[in-house]
Amino acid sequence: MSDGLTPPRLRNDCFAMPQGVAWVPVEEALSRLRSALTPVVATEPLKTARSVGRVLAADAVARRANPPAANSAVDGYGFAQATTGAGVQRLPLVAGRAAAGQPFDGAVPVGSAIRILTGAILPEGVDTVVLEEDCATDGATLAFDGPVRRGANTRNAGEDVIAGATALTAGRRLTPADLALLSALGIATVEVHRPLRVAVLSTGDEILGDPAADARPHQIFDANRPMLLAMAAAWGCVPVDLGHAKDAPEVIAACLDRGAREADVILTSGGASAGDEDHVSALLRARGQLSSWRIAMKPGRPLALAMWEGVPVFGLPGNPVAAFVCALIFARPAFAAMSGEGWRSPLAFTVPAAFSKRKKAGRREYLRARLDAAGRAEVFASEGSGRISGLSWAAGLVELPDDAAEIAPGDPVRYLPFAGFGL
Ligand SMILES: Nc1nc2c(c(=O)[nH]1)N[C@H]1C(S)=C(S)[C@@H](COP(=O)(O)OP(=O)(O)OC[C@H]3O[C@@H](n4cnc5c(N)ncnc54)[C@H](O)[C@@H]3O)O[C@H]1N2
Ligand code: MOO
C-alpha cells in the first residue's frame, strides 16, 4: 500500500516553472555566453569578388579615393563658373569633348565651355557643369540661363572616401554593397576569417531522417535538422550534417565526438530535458562541461549549453519551435562572436500589439509574430511548441519581458524581425 504517497497539487500547465530547479534568466545565460566566447576561426586572404558573407579579419584601407578625380555628375556642358553671371549666358564651345574613360587632354580657356558627359574627369579650366536639358546650342555656341552655382553638377575627388581611409573595420560581415565599396577603392584582396563550421545532430528514437520514407505511426520526420542546417548556412557558416542518433548515450557520444573533430560548434536537438530518454542533457552533464541549462524562457526552457572535447554544444529542445527560437536567441549571437564578428544583439523595434495576452512573471516569452498592414504585431493563434506551421507563418518574434505583463491591443511590444537575424 502506498497511502503515504502525496502527489504535488495538479498544475496541468506544461509551461509552469517546476520548483526546486535553478532557472537561468535569459540575460544571464546570454552574458555568460558572451564573456566565454571568442573567435575560433583562422584567417586567410581572399579575392574581394569572392568574399561576400565572410567576416573581415583586418581593417580594409582605401588604396584609392572614390571618386579618384573630380568629375561630372551629368551629361551637359562644363566651364569656369567665375566668368558667368545672372541672365542669359552665351559661351563659345571648344572643339572636342570630355567623356568617362576618354579625358579631354587640353585646358578649356576662360569664358569658353566644353561638351562633357557623366563620369568624365573635369578638364583643366572647368569647375561647373550645366545640365544639357537646360541648354541651347548650335554646335559653336552654348546658351543657358544664369546664375549657376559654382561646382554645380560635379563630384569632388574623394568626396565619398579618401585614399588611406579605413573603409570597413575588422569584424564586418561583407555584404554585396561592401564588395562594391572595396572594389571601387582598389582593394582586390581582403583578410577574412574562415567560416565557422556548425555541426547539426538530431536525436530521438522516433526520428526518421528521410521525408520520402514510409513512416510508422510512432515515427516522425526530422524537421529540426534541415531547418538548423539551413540557418547555419544563412548565417555564413559551413553546415556539417551529423545525421540523427538514437536515444542511446554511446551513439550520441560518438556523434558528438565526430562533431568535435569536424566542426567548431555543435547544435543538437531533442533529449535536452530531464526525462528518462533525455540523454543529451545527461551526457553533457556527465561527460561534457555543462555550463548553463534550463533557461527561464518560453519556448525553450530545456536549453543546454556545454563543452564537448573543447567544442561548444548548444543542446536545443526537441520541439521545432523551441529549437528555432533558441537558435535565434542564443546560437546566432554566439556564432557571430565565434566567427570574429563580435557579439550581435538582434535587431528589435517597438510596435503596437494587435493582440491581447496575459503572462506570468519569471520567464521571457517569444511569440511567433508578423506585422499587419497597419504595422501592428499580430501573433500566431497557437503557442504550441510543435506547431511548425506557425514558424512559416511568422516573419519575426514578439519578445515579452521576464516580468508579468498584461498586453492589450495598441500596447507597445518589442518586435524582432527574422530579417534582423539574417533569415
Ligand atoms: N514532465 C515534463 N515534460 C516536459 C517538460 C517538462 O518540463 N517536464 N518540458 C517540455 C518542453 S517545454 C519541451 S521543449 C520538451 C523538450 O524536450 P527535449 O529537448 O528533451 O525534446 P524531446 O523530448 O526529445 O522532443 C520534444 C518533442 O519534439 C519532437 N522532436 C524532437 N526532435 C525532433 C526533430 N528533429 N524534428 C521534429 N520533431 C522533433 C519530439 O518528437 C517531441 O515531440 O519537453 C517537454 N516535456
Ligand atoms: O519550451 Mo518547450 O521548449 O516549449 O517547447
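This is a predicted model: local features need pLDDT of at least 70, side-chain atom pairs count only at pLDDT 80 or more; totals for chains, interfaces and linings use all residues.
Me: Then which residues surround ligand 2?
Reply: Ligand 2 is surrounded by Lys-298, Pro-299, Gly-300 and Arg-301, together with Pro-317, Asn-319, Ala-322 and Ser-385.

Me: And how do the residues of that shell divide by class?
Reply: The shell around ligand 2 consists of 3 nonpolar, 3 polar and 2 charged residues.

Me: What about ligand 1, how many residues surround that one?
Reply: Ligand 1 has 27 residues around it, and the closest are Asn-224, Gly-270, Ala-272, Ser-273 and Gly-318.

Me: Which elements give two or more residues to the shell?
Reply: Those elements are helix H3, covering 224–234, and helix H6, covering 320–338.

Me: Classes for ligand 1 as well: how many nonpolar, polar and charged?
Reply: The shell around ligand 1 holds 12 polar residues, 10 nonpolar ones and 5 charged ones.

Me: Changing topic, which domains does the assignment give?
Reply: The domain assignment gives domain 1 as 24–41 + 196–338 and domain 2 as 43–66 + 159–193. Domain 3 is 71–155, and domain 4 is 349–421.

Me: How far apart are domain 3 and domain 4?
Reply: Their C-alpha centres lie 58 Å apart.

Me: You mentioned H6; what is the crossing angle of H1 and H6?
Reply: The axes of H1, residues 26–36, and H6 come within 10 Å and cross at roughly 20°. H1 is therefore roughly parallel to H6, as angles under 35 degrees count as roughly parallel. The crossing of H1 past H6 is right-handed.

Me: Which residues meet there?
Reply: From H1, Val-26, Ala-29, Leu-33 and Arg-34 meet Ile-329, Phe-330, Ala-334 and Ala-337 of H6. By class, the contact of H1 with H6 has 7 nonpolar residues, 1 charged residue and no polar ones.

Me: And H4 with H5, at what angle do they cross?
Reply: Helix H4, residues 249–262, and helix H5, residues 279–287, have axes that come within 10 Å and cross at roughly 70°. H4 is therefore roughly perpendicular to H5. The crossing of H4 and H5 is right-handed.

Me: Which residues make the contact?
Reply: H4 contributes Pro-249, Ile-252 and Ala-253, while H5 contributes His-279, Val-280, Leu-283 and Arg-287. The contact of H4 with H5 has 5 nonpolar, 1 polar and 1 charged residues.

Notes
Residues are numbered from 1 along each chain as its sequence is written. Chains are lettered from A and ligands numbered from 1 in the order in which they are written. A residue is near a molecule or strand if its C-beta atom, placed from the backbone, lies within 6 Å of it. Helices (H or I, at least four residues) and strands (E, at least two) are DSSP runs, numbered from the N terminus. Ala, Val, Leu, Ile, Met, Phe, Trp, Tyr, Cys and Pro count as nonpolar, Asp, Glu, Lys and Arg as charged, and the others, Gly among them, as polar. Domain bounds come from an automatic or database domain assignment. Axes are lines fitted to C-alpha atoms, for helices over the stretch in contact, and angles run from 0 to 180 degrees between N-to-C directions. Angles under 35 degrees count as roughly parallel, over 145 as roughly antiparallel, 65 to 115 as roughly perpendicular and the rest as oblique. A crossing is left-handed if the near helix is turned anticlockwise from the far one by less than a right angle, and right-handed if clockwise. Two residues are in contact if their C-beta atoms, placed from the backbone, lie within 7 Å.
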